Structure formats: structure tokens, C-alpha cells
2 protein chains.
Amino acid sequence: MLEARLTQGSLLKKIIEAIKDLVQDANFDCSDSGISLQAMDSAHVALCALLLKSDGFEPYRCDRNLSLGINLNSLSKMLKCSGNDDVITLKADDEGDILTMLFESPNQDRLCEYELKLMDIDSEHLGIPEQEFDCTVKMSSTEFARIVRDLSTLNESVTISATKEGVRFATAGEMGKGSVFLKPNSSVDDSSSSGSLPTTIQLSEPVSVTLSLKYLNNFTKAAPLSDTVTLQMTNDIPVLIDFSVGEIGYIRYFLAPKINEEE
Amino acid sequence: MLEARLTQGSLLKKIIEAIKDLVQDANFDCSDSGISLQAMDSAHVALCALLLKSDGFEPYRCDRNLSLGINLNSLSKMLKCSGNDDVITLKADDEGDILTMLFESPNQDRLCEYELKLMDIDSEHLGIPEQEFDCTVKMSSTEFARIVRDLSTLNESVTISATKEGVRFATAGEMGKGSVFLKPNSSVDDSSSSGSLPTTIQLSEPVSVTLSLKYLNNFTKAAPLSDTVTLQMTNDIPVLIDFSVGEIGYIRYFLAPKINEEE
DNA sequence: TCTTAAGCGC
DNA sequence: GCGCTTAAGA
């Protein structure tokens, strides 16, 4: 059986919000090392990979590997019944077809128990290659969300180009063009409380990829989970966009770039 | 070419918000004295006049007179991509058909460049007469906005009547009547921090004009630009409603009164 | 399309 | 902390 107690239940709520617009149904694979999920969106264009390590739970127990088939919309609805400060405990029997969720209010005054019916879902276990990327950009997740939202008003796709000098997000549409350029922060620790977090760029090779803004906008639903986002890019290879989930794991999105031909 | 750098970029955002609901497309006329715009609303009922003096920009350069035909909705969308603290620089070539906008974040970490395609717009240069009015009311712009909004719930038009005793905004509809009376503030500098700014009235002749609340509501979009608004009225003559734009210019609206016959 | 809920700015 | 604008849901 599975029993996993998450002190900061709001994390789970944010995680599901960050996935449910991309994936309807998915298997949560539970083992003694933790809980993971891998799924493609319905159009099979983007891939989402979630990992929650067992030591992020207190306690965590998983005797046998379990694959819990879950409708994320239903799960989201139930999680909205929990308070943001609640402690959430997930329970599932080895042979059962329900996921039991316990919501405990901080002062123990309220105890909610919800049971979610599980589904059988054909799992498409996608071998996600552990690859090296030519360029890694780490930046403020809210700034990333802002840029993606801004450029979405102009067109459907954005071209992200990175050099040592900085990273550029550019698009063009009927109204005109838009381009945002971020300089990596001077090594000097500018504690000028300049609002946004510093951008850092590591690259072995300049890169330029063109991505769907609609999907990127979907991914930025994960921004509430982490102050920073990491973009990993290599030309013509799916981009990896990584949000850490507190100290306990991550949500990663993979998105194939559009092949660079003028439309 | 034009190059105009506005330190307080948020002013430009507010200006466009204050115009775009009234006018879809308009020419921004640029000369060495500054940037101006004059346009009527699509129903040709109201007139909007914007002036931004060159010395409000730092620096300002305009070699030749330029008329930039702009779709205000597109401009608004692009300006929303700027941060509220950004410095905004406008650039246009003499023979070009684009307006380039630079948004610089305060700490220079982010640099955005947007290009707006320009349009050819038949300019209807309306000779706006410099006229004397019988009555000038200066009052809090937020209070004005509040009154207009409140009375809008009762009917479509408001009758503004001013005497030395004060100014009255009155309307009547199916529900009933509404009337707001503002006394000019006593000459004594009442620093009673009474919330709202004092009202002042100068008049050579009592006036009474009936105006469309729908249009007045449109005009109050300019309230964020200035703490005060100035109403200038003469019976049966278009009313002038003036919001100053910081120290650098103004937005003025002209609205013809309804002819005073019971509907 | 309208209503409601969340995020952002003042 | 309050109000507003914007995004999601009915």
C-alpha cells in the first residue's frame, strides 16, 4: 500500500494545476523512491515529467510499486476542497481502485477525507533521455511567464536565442514585432533589490529555437512552484523547461521546437 | 527622425488607455515642439486632443515633422508589455512605416524592443478654437469619475449646473433621481486632509449643460493621469474637459451638450 | 456570453 | 490592505 503525507499540501495543489491543462488522465507511478508521472499532451507535442521524491513526504511508505490512473480534472476538483495550509495524506491499497486523500487543517479542527476513483490508463512510458544541452538559462519564473504572456499577444510562436551576451525572446506578427532581451546578471552581487531574480546563462554553443507560445503559456502554470525556471536548449532538439518543486522534486516539460522554415 | 525618451513610461500607458476606447486609429503628429494628437470618436460626437511637450522627454529629437498613423489598440497591447517602471523610448524614421519602442527596466537587466506597424490615416485636422468659457470648475478627478459612474446607473445623460454657490450634477431616470452638489472649497486653506481635493469655481455666467454619461465615463479613463480635472462650460457650446499629463502636457476632451429639450 | 475567482498594482 | 484588471468556469 501507499501512504504519503505531505506537510505542505498546497504544493500538491499547485502541481496538479500545472499539469491538468496539458494532460487529462495520467498514471502516478509510486515506488519506494517516490511518486512520478510522465505523460504527453493530447496532441503528443509536449511531454510533462513530474518527480516527487519519497523523502519529501513525512512519512512515506510504499510497499509495492503502484500505478495510480488518475483523471487530473477530478483530482484538481478534490484538491480544491483542501485548505492551503492543510496537510495532505495520500493513501492507496495495493489492490484497490481508489485513492484516498486526507486533508488535515493545521489546528486539527477539521479532517477531510476524499476518495477518488482510479482509472485504467494505458501508460506510454516514454524513455526520456538524460541528455546534455548546449545552453542552460536560469531565470526568474515570473519574468519568464511575463515574457511568454506578452509575446503571445503578437503571434503564436517565439524564437529564443541565447549567446553569452544574453537571451532573446522574439516574435513578429501582423501588428509588428516584439523582442525581449535579458542580460545575464553581472557577477557582482547586485543586491540592489532590483525586483527580479538574476538571469544566468551557461552555454557551449549559441542556440536558437522556435517554440509554441501556447504550450509555453501552459508550462508557466508551474511558476507558482518555484522562483526560478531553467531552460535547457540545443538546436533542433526538444527544449527542457524545469521548475523545481520545493526541495522535493521537479516538474519538467519538454517541447519540440518548430523546424526553422519561414511559414 | 523622431526619438523621444520618456522616463516615466507609465504615463504613456495611461494616456493610451485614456484614448483607445474613444478612438481606434489616429495620427500622432510629431514636431520639434512635441507630440500631439487630435481625433474625433467614431460617432463624431466627441473630440480628443493630446499634447505632450518636447521638454517632457529626455532627450527629445524630431528633425522633420512626422505624422504617425497608429492603431491605438495595437499600441495599447504593446505598451502592456512594458513594466510600469520602465523607461520608454519612441523612435521613427522619416520614411519608415514603423514605430519602434524601447522598454528599459530600471536596472537595465531587461531590454524590450517592439515595432509597431504604422498606418495611413486620413487626418481630419480639426481647428479647435481657443475660446473663453463662462464657467471653469476645477475638481478632484477621482471624484468626478465617481460621480459620473454613480449617475450612469440612473440614466444616459447628466445635467451639470454651476453657480457661484457650487456645481450640481443631476440626472433622473426610471428608478428615480440623483443629484450631487459640490461646494467650492472655502478660501481658507482647509488642510483638514478631507480625503478629496478642493473644488474651485470661476464663472462670469451661470451655466447648465446636459451631457452624455457614456462619453463622460470614457473621458474619466484619463483620471489616473491627474489628481484634478478642469471642466470648462458655456451654455450650448461644447464642454472642454481637461486632464493634465504630469508636467508635460494634457489630454482634453470636447463634448457637445445635448440641446435642452425634454426627450 | 456572463459570472466568478485569482493575481497585480496602488 | 483594498481595488482593479485579467483569466477561468458556468
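Let me start with B:Val229 and what surrounds it. Leaving aside neighbours within four places in sequence, B:Val229 is in contact with B:Val137, B:Lys138, B:Met139, B:Ser140, B:Ser141, B:Phe144, B:Ile241, B:Asp242 and B:Phe243, where contact means heavy atoms within 4.5 Å. The residue sits in strand 16 (residues 228–233) of chain B. Helices (H or I, at least four residues) and strands (E, at least two) are DSSP runs, numbered from the N terminus. B:Val229 has 0% relative accessibility and therefore counts as buried. Buried here means under 20% relative accessible area, exposed over 50%, and partly exposed in between, with a 1.4 Å probe and protein chains only. From B:Leu99, B:Val229 is 130 residues away in sequence and 31 Å away in space, C-alpha to C-alpha.

A word on where the values come from. This is a predicted model, in which local features need pLDDT of at least 70 and side-chain atom pairs count only at pLDDT 80 or more, while totals for chains, interfaces and linings use all residues. Residues are numbered from 1 along each chain as its sequence is written, chains are lettered from A and ligands numbered from 1 in the order in which they are written, and side-chain values use heavy atoms, with hydrogens and water left out.

In chain B, nine strands form an open sheet in the order 6-2-3-4-18-17-16-10-14, and the pairing is antiparallel. Two strands pair if DSSP finds at least two bridges between them. Strand 6 (66–71) and strand 14 (200–203) of chain B are the edge strands, each pairing on one side only. On average, neighbouring strands of this sheet are turned by 15° against each other, direction ignored. Angles run from 0 to 180 degrees between N-to-C directions, and axes are lines fitted to C-alpha atoms, for helices over the stretch in contact. Within the sheet, strand 3 (residues 34–40) and strand 4 (residues 46–53) of chain B run antiparallel and are joined by seven bridges. B:Gln38 has B:Ala49 in strand 4 of chain B as its bridge partner. Helix 2 (residues 72–79) of chain B packs on this sheet and touches strand 2 (25–31) and strand 6 of chain B, its direction making about 80° with that of strand 6 of chain B.

Chain B also has an open sheet of four strands, in the order 13-12-11-15, with antiparallel pairing. Its edge strands are strand 13 (177–182) and strand 15 (207–212) of chain B. Strand 12 (residues 166–172) of chain B pairs with strand 13 of chain B over six bridges, in the antiparallel sense. There, B:Arg168 stands opposite B:Phe181 in strand 13 of chain B.

Over to chain A. Strand 18 (residues 249–255) of chain A is mostly covered, with five of its seven residues buried. Strand 18 of chain A pairs with strand 4 (residues 46–53) of chain A over seven bridges, antiparallel, and A:Cys48 has A:Tyr253 as its bridge partner. Seven bridges also join strand 18 of chain A to strand 17 (residues 239–245) of chain A, again antiparallel; here A:Asp242 stands opposite A:Arg252. The hairpin of strands 17 and 18 of chain A has three residues between the strands, and in it A:Gly246 takes a positive phi near 50°. Helix 1 (residues 9–19) of chain A is mostly covered too: nine of its eleven residues are buried, among them A:Leu11, A:Ile15 and A:Ile19.

How do the two chains relate? Chain B superposes on chain A by a rotation of 116° with 1.4 Å of shift along its axis, at an RMSD of 0.1 Å. That is the relation of a three-fold axis. The superposition is by least squares on the C-alpha atoms of residues with pLDDT of at least 70 in both.

One residue with contacts in both chains is B:Arg110, in strand 9 (residues 110–117) of chain B. B:Arg110 is buried, at a relative accessible area of 11%. Its contacts include A:Glu143, A:Phe181, B:Asp86 and B:Phe103. With B:Asp86, the contact is polar, side chain to side chain, at 3.2 Å. A polar contact is a pair of N or O atoms within 3.5 Å; within protein, one must be able to donate a hydrogen and the other to accept it, and residues adjacent in sequence count only if both atoms are side-chain atoms.

Last, the DNA. A:Lys20, A:Lys221 and B:Lys80 surround DNA strand D, each with a heavy atom within 4 Å of the strand. In the side chain of A:Lys221, an N or O atom is 3.4 Å from a phosphate oxygen of DNA strand D.
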